[in-house]
Amino acid sequence: QKILDAAGLRAPANGIATDLGSAIEVANRIGYPVLVRPSFVLGGRGMEIVYDQNSLEGYFDRIAEHALVDDKHPLLVDRFLDDAIEIDIDALYDGHELYVGGVMEHIEEAGIHSGDSSCTLPPITLSDAQINRVASATEAIAKGLGVRGLINVQFALASDVLYVLEANPRASRTVPFVSKALGITLAKAASLVMIGRSIRDLVAAGELPQKDGRSLPAGKI
């Protein structure tokens with residue numbers, strides 16, 4: 001959140017809870033519906049959209065068997081964005097320059113776990129200006145995190161406001177898809193960046209195409 005604030009970027013209103021009482025307090029503060037997710041889970045396990053306090057209380061009953069919520073394992077509580085477009089971007093950052101591998105638009109609206117969703121490459125409904133906003137926001141996050149190599153960021157676009165949902169300073173599940181679809185060896189390029197090569201050098205050497213993934217022709221799907 002500090003990185004987003006410094007970069008002038010927005011995230012959905014959020015908070016963390018360590019028990020049912022604090023979860024109710026956070027949900028009342030940010031407003032329903034909320035997206036709740038336990039710590040240290042994979043594949044969206046235990047993640048739900050909750051629309052009122054009764055549902056939140058029922059959620060705690062349902063997760064009691066497979067998810068621990070306490071001071072060391074806080075529950076993440078985010079304001080759920082209705083009718084938002086979810087966007088994934090895979091990119092490289094060398095400390096000075098961002099190279100976009102691909103910008104993907106989810107077919108399902110935001111709220112479907114990315115591992116269960118489908119996406120298009122390039123985006124179908126996003127304008128060039130919106131794609132550039134996504135790239136600029138990704139560069140600011142990569143700089144703030146000190147990334148050298150791959151970064152994946154998930155955004156939501158609602159009423160033309162761009163929200164940051166999640167940032168992963170690592171390879172994502174979509175890197176092989178982007179690499180195969182576009183013929184870009186992102187993993188190899190990332191490895192070279194991690195040992196000190198610059199993106200400019202990799203483009204000059206032919207390891208990366210001169211034009212990155214933000215300028216794909218509309219027919220490349």
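The expected span of a helix is 1.5 Å times one less than its number of residues, and helices (H or I, at least four residues) and strands (E, at least two) are DSSP runs numbered from the N terminus. Helix H4 (residues 128–145) has 18 residues and should span 26 Å at 1.5 Å a residue, which agrees with the 26 Å between its end C-alpha atoms. This is a predicted model, in which local features need pLDDT of at least 70 and side-chain atom pairs count only at pLDDT 80 or more, while totals for chains, interfaces and linings use all residues. Residues are numbered from 1 along each chain as its sequence is written, and side-chain values use heavy atoms, with hydrogens and water left out.

**Helix H4**

- Gln-130, Ile-131, Val-134, Ala-135, Ala-137, Thr-138, Ile-141 and Ala-142 are buried in H4, where buried means under 20% relative accessible area, exposed over 50% and partly exposed in between (1.4 Å probe, protein chains only).
- These residues lie on the same side of H4, because they cover an arc of only 165° around the axis; the arc is that of the directions from the helix axis to the C-beta atoms.
- Asp-128 and Lys-143 are exposed on the other side of H4.
- The cover over the buried residues of H4 includes helix H1 (2–7) and strands S5 (85–93), S6 (98–109), S8 (149–158) and S9 (161–168).

**Helix H2**

- In H2 (residues 20–30), the buried residues are Ser-22, Ala-23, Ile-24, Val-26, Ala-27 and Ile-30.
- They pack against strand S1 (14–17), strand S2 (34–38), helix H3 (53–63) and strand S4 (75–79).
- At the start of H2, a side-chain oxygen of Asp-19 comes to within 3.3 Å of the backbone nitrogen of Gly-21.
- Gly-31 follows H2 and has a positive phi, near 95°.

**Strand S2**

- S2 is largely enclosed by the rest of the structure, because four of its five residues are buried.
- S2 pairs with strand S3 (residues 48–50) in the antiparallel sense over three bridges; two strands pair if DSSP finds at least two bridges between them.
- Leu-35 is opposite Ile-49 in S3.
- S2 also pairs with S4 in the antiparallel sense, over five bridges, and Pro-38 is opposite Leu-75 in S4.

**Thr-174**

- Thr-174 lies in the loop between S9 and helix H5 (175–182), and counts as buried because its relative accessibility is 13%.
- Its side chain makes a polar contact with the side chain of Asp-90 (2.5 Å); a polar contact is a pair of N or O atoms within 3.5 Å, where within protein one must be able to donate a hydrogen and the other to accept it, and residues adjacent in sequence count only if both atoms are side-chain atoms.
- The side chains of Thr-174 and Ser-172 are joined by a polar contact of 2.7 Å.
- Leaving aside neighbours within four places in sequence, Thr-174 is in contact with Asp-88, Asp-90, Met-104 and Asn-152, contact meaning heavy atoms within 4.5 Å.
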